[in-house]
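Here are my notes on the model you sent. Please read them with the structure open.

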Amino acid sequence: KILVVNLGGQYAHLIARRIREIGAYAEIASYDSVLEVAKSDEVKAIVLSGGPASVYEPNSPDLPVDLLYLGKPVLGICFGHQWIAKKLGGVVERGKGEYGKTMVRILSSDPLFEGWEAEEVVWMSHSDYVKEVPSGFQVLAVSENGYVAAMRSGHIYGVQFHPEVRHTAKGVRLLENFVRKVAGIKSVWVPEEQVGKIVEEIKARVKEGIVVVGVSGGVDSTVTAVLLHMALGSRVKAVFIDHGLFREGEPEKAVQLLRSIGIDVLYIDARERFLKKLDGVSDCEEKRRIVGETFAEVFTEVVAGIPNAKYLAQGTLYPDVIESGAVKGADRIKSHHNVGGIPSWFSLELIEPLRDFYKDEVRRIAKSLGLPDEVVYRHPFPGPGLAVRIIGPFTLEKLEIVRRATKIVEEELDRAGLLRKVWQAFATVGEDKWVGVKGDRRAEGYIVTVRVVESEDAMTADWAKIPHDVLDKIASRIASEIPHVTMVTYAITSKPPSTIEPC
Ligand code: XMP
């Protein structure tokens, strides 16, 4: 495997995902405990990620220099590149900086740059730069602004740009060269092939008792339930808590699908309990808190009623495992995820069969398990559901508007063959009103805002350039089919500076 050392920021996951997409296995390691892990025979190469710090700041991430003397290929990226330079006696200084697409010139042919032209576009994001490479290092590439863009000494490489970012035209090729040519890794990583191993691990761990799994119809919890069922059969109890904030038809479909596979599902209709508490609440975080807290209450009650419940399974993914504190140095950008989480005092033992996987890998596993496309390609949906798509006071009327409008958005995108191509697509509603003409009468109605975004990991997102005729269809259907809606707008701000959800 390849160890991706997280030196802060969000880059390490992107690097690991890209390496896995290439078909090699990558894992993230924390910089303060990496040396022992890196010594293992299983580790064939090491990538040092970028990060927001400066190598000459007193508390910046630091690694034992021995990491560079294990005889294993090392690729330092951005901060990682500068760390190598400084550690081995080069000079790193603050420069004018390079941000965004930048041209680099390749100075000498090297296996790392196989398939690259003499000049290529890369993605830069740095103000520090390597002023002098350490002795014994060769400069492999320079940027249009004259900065060292790549360097090498033996099996140690550094690149100032970000090969893991899509804007680096041949970035994936470079990572592939590093994995296959420099490190000589031949093995092929296929997530679907892990199913047997996951099932065996569950069997080995759960000797007796019932495993409870909360399901929501999403791909992660559905795959979790199916894997558990493969391992344990009738000893799995799926719990679907209906908080009344799902999309149209979602609870019925989710429950039906799991039952058709033979999984025992307990459907809990808790709609009134959630919706009563939300009534009139305006503040977003308060809405999240109410849904999370109520979910925990209901779930606890339900589990208390399941005889011999010993384990709780969750569809936690790899980024959440790392984010929840396993790796130091990474800034936590968001803390609101997985609301509806289970309180820490909860007494069941936790099982997380998907904790080694990224979302796209879970989708591949889902596909290989024969789950329907509707589940495999389902968009991420927030734990607090449609509650975070209502701006201002929560009312049942707004909930219905959002629910019906979202259905129209999904139907029309699906009809145009676009639904699967985008990351998320939904409708929101707020307090502002617009005067409209319905029938022959002037009437004030709600403004529905449609949001469709493209993204790879929700950290950044671009508003989707949906063809006008599709938007037109969506807008006219929403305004004519849903009472009290007189205007439809389309959200055209990307993330950042906006977030994906309105609230
Ligand atoms: P934002 O709106 O922060 O969302 O750009 C990023 C991604 O996270 C989802 N999201 C949530 N998921 N509970 C969740 O489980 C939440 O409270 C929540 N808020 C946002 C959002 O749908 C997007 O995919």
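This is a predicted model: local features need pLDDT of at least 70, side-chain atom pairs count only at pLDDT 80 or more; totals for chains, interfaces and linings use all residues.

1. The annotated site. An unreviewed UniProt entry places a "binding site" at S216, G217, G218, V219, D220, S221 and T222. Of these, S216 lies in the loop between β10 (210-214) and α6 (219-232). G218 sits in the loop between β10 and α6 too.

2. S216. Is S216 buried or exposed? S216 counts as buried, because 22 C-beta neighbours fall inside 10 Å and the cut-off for buried is 20 or more. Leaving out residues up to four places away in sequence, S216 touches S221 and A254. S221 is itself among the positions in the UniProt annotation.

3. G218. G218 has 19 C-beta neighbours inside 10 Å, so G218 counts as partly exposed. Which residues does G218 contact, apart from neighbours within four places in sequence? They are R378 and F381.

4. Helix geometry. Two packed helices are described by the angle between their axes and the distance between the axes. Here the pair is α5 (residues 195-205) and α6. Their axes come within 8 Å and cross at roughly 60°. The crossing of α5 and α6 is right-handed.

5. Helix contacts. From α5, the residues involved are I198, V199, I202 and K203. They meet L227, L228, M230, A231 and L232 in α6. By class, this contact of α5 with α6 has 8 nonpolar residues, 1 charged residue and no polar ones.

Conventions:
Residues are numbered from 1 along each chain as its sequence is written. UniProt positions are given in the numbering used here, feature names are shortened, and annotations may be inferred rather than shown by experiment. Helices (H or I, at least four residues) and strands (E, at least two) are DSSP runs, numbered from the N terminus. A residue is buried if 20 or more other C-beta atoms lie within 10 Å of its own, exposed if 12 or fewer, and partly exposed in between; C-beta atoms are placed from the backbone. Two residues are in contact if their C-beta atoms, placed from the backbone, lie within 7 Å. Axes are lines fitted to C-alpha atoms, for helices over the stretch in contact, and angles run from 0 to 180 degrees between N-to-C directions. A crossing is left-handed if the near helix is turned anticlockwise from the far one by less than a right angle, and right-handed if clockwise. Ala, Val, Leu, Ile, Met, Phe, Trp, Tyr, Cys and Pro count as nonpolar, Asp, Glu, Lys and Arg as charged, and the others, Gly among them, as polar.
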